[in-house]
Number of protein chains: 2
Amino acid sequence: MTEVSLHRPFPATAVERWDYETDVAVVGFGAAGACAAIEAADGGAAVMLFERNSGSGGASGLSGGEIYIGGGGGTDAQRAAGFTDTTEDFAAYLKAAGGPCVDDAKCDLYAREALDHYAWLKAQGVPYRGNYLPGKHIEPTDDSTLIWSGSEAAAPFCELAVPAPRGHVIQHSGWGGGRPLVDILERAARARGVEVIVDARAVALVQDGIRIVGLVVRIDNRDRFVRASKGVVLATGGFVMNEAMRRKYCPETFRINSPIGDQDDGTGINLGVGAGGEAIHMEQYFTTCPWTMPEPHANGVFVNVAGQRFINEDCYHGRVSRCALDQPGGKVFLLLDSAHFSQPLDMAGITIAGTGATWDEVESELEMPEGTLSATMAFYNRHATEGNDPLFGKQAPILTPLDRAPFVALELNFQTSYFSFFTLGGLRTSIDGEVLDRSDRPVRGLYAAGRCTSGLPAWGHGYSSGMSLADCTFFGRRAGKKAADG
Amino acid sequence: MTEVSLHRPFPATAVERWDYETDVAVVGFGAAGACAAIEAADGGAAVMLFERNSGSGGASGLSGGEIYIGGGGGTDAQRAAGFTDTTEDFAAYLKAAGGPCVDDAKCDLYAREALDHYAWLKAQGVPYRGNYLPGKHIEPTDDSTLIWSGSEAAAPFCELAVPAPRGHVIQHSGWGGGRPLVDILERAARARGVEVIVDARAVALVQDGIRIVGLVVRIDNRDRFVRASKGVVLATGGFVMNEAMRRKYCPETFRINSPIGDQDDGTGINLGVGAGGEAIHMEQYFTTCPWTMPEPHANGVFVNVAGQRFINEDCYHGRVSRCALDQPGGKVFLLLDSAHFSQPLDMAGITIAGTGATWDEVESELEMPEGTLSATMAFYNRHATEGNDPLFGKQAPILTPLDRAPFVALELNFQTSYFSFFTLGGLRTSIDGEVLDRSDRPVRGLYAAGRCTSGLPAWGHGYSSGMSLADCTFFGRRAGKKAADG
């Protein structure tokens, strides 16, 4: 009997019976899969969607429902708040955020079409209040729309692209807008006749020797064979929940302890690579420790174990956290004065490592050599008072002197603090969601989107909130459309 | 006609005629390929070796011919110099050097068997003078044997394993011992009847549906089919000369400009992955800028563009260089006083960025804010005078106060200085050189060694000189032996 494997396609000739037949089969019912299914249906294809859980959601459903949108002169929310966001600036920011891992073609395309994509999301029923919430927020606690969600206004990004806030959050009170976002997309998919099969885990692709023509799903512990005449769209998420894959491809993540995701075990990546695709930038990951809460903590200054600053703390909390992990010694310190300190969030696992009436005393409590942390803070305060950060370019309004005793050093420990993380590497795809092989040719009949691909959020140091859902929804749509077009 | 491709095996059923028949075919005539051929022949196999150049060498032939050896109480050279090197310390160092990418099983095995391997190398005719050359050297300029070639004596490595010098250099006057090393291995291979075919480039593997049974080589622009009944050993080097692969897998290397290698275009990696193997740690690379020459420069202090130190400068020059690349701003500075400065090597592309009668003047010439570099040097000198480096743990004898005016800052610029580099990622293999698939099963009939694999030198920040040739020669032997045993 032919083996069913994630790692190599099952031969179509060995399929005894097709349990299901459709045009396009979508695997995974997060935002990427939902958008792929919608577009494939709108493209005239019969669509079946297979989800291993008992309902939609995936990692998208656990997210804040924030989508990174801009360009074209700005969205309604951007323009109402006075931000003119050109396509060029938007593209430039996306590329800077992609760093060495950037896919220029994806950035350029998305920058050009993001406004249309925003209109499409609204047309599916995604509500946006349309207002702007100033300040730095991980997610709005009310139902606001537009927030600063990246490093746009911070060095060096602000020198590469005119800054604008681009995080667009679904109208939803409080955190967790990802769940209603997926619900709306699910309704849109079902309204188009997409047939959803839940509790169905993809275990193999089926190939007829030339192209992918279906897949094998395990339902009630039995293998069922799905014929998909136009192809398969993989939308199964990353591999943060697969320790063996992380060990091989992203071992740096073992320095931290809080993977976030749903069933992100790399299924789609394995299926795609097994069919001839290739996985790229597999070492990249997003991480953040929620150090900006309570909000006054955003005014803090970070130092490493040598008492040195290493980042302009006004950039995105995830970029600060990722750069913190580049520091030696297994931990960094967030320095605060009495004007800005409050008790850290319990869940953050951030502890008080030292206090003092002067920075010298804090330095001494941390057992740092004399003239390290204290010198760093004397230098920082002197320049901050004048509105400058000559070393890292941190800017107002959080370029605040920390000079109100007593002082405190909070410890962000890589092993014991809450550094949440998920993986960014995945299948290499065209701008149409085609899975590409190592010769740059599409694997026929195979498409992918979301975190089982490497997309807009390609580089851990450049990630900004909303980039992954932007990538999932926009390139999910492209993949579904391309699959339907054949 | 069936396509000949690096990316998928050619079906044996489509082979019209075998142009060559052998038991074991080895691809690539550097140190790894030579050692594989020798052991396969000693294992009783008929062996053919295919090399795309007109003669042996590969990247090994361009190297210093230095092999990282220790453990078991020490080699003759280590013991004569008073170093007792336990297997445990040797293994601990190898593991620390592998960092997050470490392959524990390879480290443990090599640590246990390195003395036997050293004896084997001598038995092949590799000469060692047997003496110890103190000091820090990139390669001996005379024919000395034993040098410090890594970060053994430097923090944090010295705390993880009792330090010992382990770089063993072939007896050869001056640099470039890799060429005579390969010559000796070539003679040993030819003496065993290994048939060498040069100007023959591997373009595909041949698979019979179950196992790799041969390969296709291009000779005089014609495809020739090689039957290898016991299997194929890939020993073709890394991918530093393949810009498209670097862009996809190791894009950080585009920040620097001087790839070193021979024909290292990823051929073996592509062949192996195409046959079902997997490539790991592809983002890892070795780099170094020859900043320790002239030798007094080893006493210098590095700062980044913020005027901060970032490393104990007494660790391996390549580790310092790799950590330099982690610093922001595109360059770092090597600070020297008049007691230690001489003109940098022309080839290094290291320039004088600033000078001064005081460190304050140097700071000012570099347009760094007042109280940055000057404070760093005041702190460093104060502690160095007392024999301490409380921040990074740099140790004597190069923990030298830099207090003899005038002072100079040399610029190591990532784009314009000579940062040589090569890739470390490659096929995942067992300790016997079997290419492993993504299910941890050997790809039958396929073996690999050297830099087309991820091996002992797995992590750029931990590389030490001699680790790659240790890996090539030792695991090359294992691969050849395993192939012959079938």
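**A first look, strand by strand**

Reply: Happy to. Let's begin with one pairing: A:Pro259 has A:Phe421 in β19(A) as its bridge partner. This is a predicted model, by the way.

Me: Okay, which way do β12(A) and β19(A) run relative to one another, parallel or antiparallel?
Reply: They run parallel, and 2 bridges join them.

Me: What sheet do they belong to?
Reply: They are part of an open sheet of 3 strands in chain A, ordered β12-β19-β14, and its pairing is mixed. The edges are taken by β12 (258–259) and β14 of chain A; each has a single partner strand, so one side of each lacks a neighbour in the sheet.

Me: And how many bridges join β14(A) to β19(A)?
Reply: There are 4, between β14(A) and strand β19 (residues 420–423) of chain A, and these two strands run antiparallel. In one of the pairings, A:Thr288 has A:Ser420 in β19(A) as its bridge partner.

Me: Which residues lie on the two faces of β14 in chain A, and are they buried or exposed?
Reply: Buried, on both faces. Strand β14 (residues 285–288) of chain A has A:Tyr285 and A:Thr287 on one side, with A:Phe286 and A:Thr288 on the other, and all of these are buried.

Me: Nice. What about the sheet with 4 strands?
Reply: That is also an open sheet in chain A, with the order β4-β7-β6-β5 and mixed pairing. Its edge strands are β4 (66–68) and β5 (132–136) of chain A, and because each has a single partner strand, one side of each is left without a neighbour in the sheet. From one strand to the next, the twist averages 30 degrees.

Me: How do β6 and β7 of chain A pair?
Reply: Strand β6 (residues 146–148) and strand β7 (residues 167–169) of chain A run antiparallel and are joined by 2 bridges. For A:Ile147, the bridge partner in β7(A) is A:Gly167.

Me: Switching to helices: how do α1 and α13 of chain A cross?
Reply: Helix α1 (residues 31–42) and helix α13 (residues 467–485) of chain A have axes that come within 7 Å and cross at roughly 35 degrees. The crossing of α1(A) past α13(A) is right-handed.

Me: Which residues meet there?
Reply: From α1(A), they include A:Ala32, A:Cys35 and A:Glu39, and from α13(A), they include A:Leu469, A:Arg477 and A:Ala484. The residues of this contact of α1(A) with α13(A) divide into 12 nonpolar, 4 polar and 3 charged.

Me: Can we zoom out? How many helices and strands does chain A have?
Reply: Chain A comes to 13 helices and 22 strands. Its radius of gyration is 23 Å, close to the 23 Å from the globule rule for 486 residues, so chain A is as compact as a globular protein of that length. Along the principal axes, its C-alpha atoms fill a box of roughly 75 × 50 × 40 Å.

Me: What share of chain A is buried?
Reply: Buried residues make up 61% of its 486 residues. As for contacts in chain A between residues at least 6 apart in sequence, 75% join residues at least 24 apart.

Key
Residues are numbered from 1 along each chain as its sequence is written. Chains are lettered from A and ligands numbered from 1 in the order in which they are written. This is a predicted model: local features need pLDDT of at least 70, side-chain atom pairs count only at pLDDT 80 or more; totals for chains, interfaces and linings use all residues. Axes are lines fitted to C-alpha atoms, for helices over the stretch in contact, and angles run from 0 to 180 degrees between N-to-C directions. A crossing is left-handed if the near helix is turned anticlockwise from the far one by less than a right angle, and right-handed if clockwise. Two residues are in contact if their C-beta atoms, placed from the backbone, lie within 7 Å. Ala, Val, Leu, Ile, Met, Phe, Trp, Tyr, Cys and Pro count as nonpolar, Asp, Glu, Lys and Arg as charged, and the others, Gly among them, as polar. A residue is buried if 20 or more other C-beta atoms lie within 10 Å of its own, exposed if 12 or fewer, and partly exposed in between; C-beta atoms are placed from the backbone. Two strands pair if DSSP finds at least two bridges between them. The radius of gyration is taken over C-alpha atoms; the globule rule is 2.2 Å times the number of residues to the power 0.38.
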